[in-house]
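Welcome, and thanks for taking a look at this one. Please open the sequence and the structure side by side, then read on for a short tour by topic.

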Amino acid sequence: MMDDRFEERLREAAQDYHRPPDTPREEMWRRITAARAARQARIIVLRPALRWGLGIAAVLALGVAIGRWSATGSPPSTEVAGTGERTSAFVYQLAAAQYLTRTEALLTGFRAETRAGAPTAQFSIQARDLLCTTRLMLDSPAARDVRLKGLLEDLELVLAQIAQLRSSGDRDDVQLINQGLEQRSVLLRLRTTSPAGPGPARTQGAL
Amino acid sequence: MDEHELIARVRAGDGVAERALYDAHVDRVYRLAYRLAGDDDLAREFTQDTFIRAFERLGTFRSEAKLSTWLHAIATTVALNGLRKAKRFRQRETDLDEAAATSAGGRAAEPDLKRRLAQAIDGLADGYRAVFVMHDVEGYTHEEIGATLGIETGTSKAQLSRARAKLREALADFAGEWIS
């Protein structure tokens, strides 16, 4: 009984504890919108820097890949003239084949899995990897081919969209990506550009 | 517009829906932030931070929970973390003045009941204080407190009980006046 009375009095008296004034709605809203706009601006400013960083990482990765290939797969040759150029073209052809095969696998998987409602986190990670290579391919002699260049530009856009998906995978964003894939016939163009055959066989074919 | 529709529109980047969501929840979030902080600048800062985080993370919100519970969970996390930082900063300043402040003894020199109560609530551990403020001051149910603070309903009840016991102990010399 005495406990009840104490608790009742306590609750009454506690109403004055840090009693809040009227909510400063408009002022806080202005600050919230300003802070969000400032964050957005920082993200936009950071993007080119991020892109350069990814590009540099991709150059290093491809350099390592080429180095490994040169060490193990290059045929012994006594020819000097013309060999360097042929090797260079061959390396790009090899890199392009591997890249296109991986991208095709990713986009096919993405389309099938997301239609079934699967999470998108694994695809975002792979898309980030491939995005680096896409930029490198666009800056390489491989992009002299107008058809391939157009395809690479479309792939860069799609991969960037997938890379930016949140782990939960917003349904609307996923739907937009899949619509874009279909409208621009990205997978069809990718398949007609990729060498035929299963993944490892394609690479071996290129070699 | 129901809550699901409002959330969908905010996710789609609709500015009007963002404002509607803010208007629907800002009063309770600010009240809670103010009750915990006891300072207008801090309460504003915590409220603003809560909504900035909420708009950024709305994509991760799962609709099986209530939006208000999710928002209040962000608000209490922001407020309690912010207060810990502020307390560490203030502690250095108050330590120096404490001896002088406590030297004045005797019942006549003590502040009135509400001031003593405020000091006693301030002196509660963070978890007890949050539960006490949310339940006894702001009128949240134990279920809401549990969902907001990520604790069991029974834990919320136990913490409230301990908080009240500590306040009773701190206010022992006022007990006679209260019960009469």
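The predictor attaches a confidence to each residue, called pLDDT, on a scale from 0 to 100. In chain B, pLDDT stays under 50 over residues 99–110, a stretch with five contacts in the model beyond four places in sequence. This is a predicted model, and its overall scores are ipTM 0.84 and pTM 0.55.

**Confidence**

- Chain A has a mean pLDDT of 73, with 66% of its residues at 70 or more.
- For chain B the mean pLDDT is 86, and 83% of the residues reach 70 or more.
- Which elements of chain A mark the lowest and the highest mean pLDDT? Helix H8 (residues 199–206) of chain A has the lowest, at 39, while helix H5 (residues 146–163) of chain A has the highest, at 84.
- Residues 196–207 of chain A have pLDDT below 50, and this stretch makes 15 contacts in the model beyond near neighbours in sequence.
- Where pLDDT is low, the predicted coordinates should not be read in detail.

**Chain A at a glance**

- Among the contacts of chain A between residues at least 6 apart in sequence, 76% join residues at least 24 apart.

**Chain B at a glance**

- Chain B has nine helices and zero strands, and its pattern along the sequence is α-α-α-α-α-α-α-α-α.
- Buried residues account for 44% of the 180 residues of chain B.
- Taking the contacts in chain B with a separation of 6 or more, 63% are between residues 24 or more positions apart.
- The accessible surface of chain B is about 9,300 Å², and carbon and sulfur atoms hold 50% of that.

**Nonpolar cores**

- How many residues are in the largest nonpolar core? This core has 59 residues, and Leu21(B), Phe51(B) and Phe132(B) have the most contacts inside it.
- Helix H2 (residues 15–37) of chain B gives the most to this core, contributing 11 residues.
- Phe51(B) has a contact in the other chain, Ile32(A), when neighbours within four places in sequence are left aside. Its contacts in chain B on that count are Leu21(B), Tyr22(B), His25(B), Val26(B), Val29(B) and Leu71(B).
- A second, separate core has 28 residues, among them Ala96(A), Leu159(A), Ala163(A) and Leu165(A).

**Helix H8 of chain B**

- The 18 residues of H8(B) should span 26 Å at 1.5 Å a residue, and the end C-alpha atoms are 26 Å apart, which agrees.
- Which residues of H8(B) are buried? They are Ser156(B), Gln159(B), Leu160(B), Ala163(B), Arg164(B) and Leu167(B).
- Viewed down the axis of H8(B), these buried residues fall within an arc of 135 degrees, so they line one face of the helix.
- An α-helix has 3.6 residues a turn, so residues three or four places apart point the same way.
- Gln159(B) sits in this helix, which covers residues 153–170. Is Gln159(B) buried or exposed? Gln159(B) counts as buried because its relative accessibility is 17%, and the cut-off for buried is under 20%.
- Beyond residues up to four places away in sequence, Gln159(B) touches Gly127(B), Tyr128(B), Val131(B) and Ile151(B).

**Helix H7 of chain A**

- Helix H7 (residues 186–193) of chain A has Val186(A), Leu187(A) and Leu190(A) as its buried residues.
- Seen down the axis of H7(A), the buried residues fall within an arc of 95 degrees, so they line one face of the helix.
- Leu188(A) and Thr192(A) are exposed residues on the face of H7(A) turned away from its buried side.

**Arg84 of chain B**

- Arg84(B) is part of helix H4 (residues 67–102) of chain B.
- With 37% relative accessibility, Arg84(B) counts as partly exposed, a class that lies between under 20% for buried and over 50% for exposed.
- Arg84(B) and Asp126(B) are 42 residues apart along the chain, and their C-alpha atoms are separated by 8.9 Å.

Technical notes:
Residues are numbered from 1 along each chain as its sequence is written. Chains are lettered from A and ligands numbered from 1 in the order in which they are written. This is a predicted model: local features need pLDDT of at least 70, side-chain atom pairs count only at pLDDT 80 or more; totals for chains, interfaces and linings use all residues. Side-chain values use heavy atoms; hydrogens and water are left out. A nonpolar core is a set of buried Ala, Val, Leu, Ile, Met, Phe, Trp, Tyr and Cys residues joined through side-chain atoms within 4.5 Å. Buried means under 20% relative accessible area, exposed over 50%, partly exposed in between (1.4 Å probe, protein chains only). Helices (H or I, at least four residues) and strands (E, at least two) are DSSP runs, numbered from the N terminus. Contact means heavy atoms within 4.5 Å. The expected span of a helix is 1.5 Å times one less than its number of residues. The arc is that of the directions from the helix axis to the C-beta atoms. Accessible areas come from the Shrake-Rupley method with a 1.4 Å probe; for residues, only the protein chains shown count as cover.
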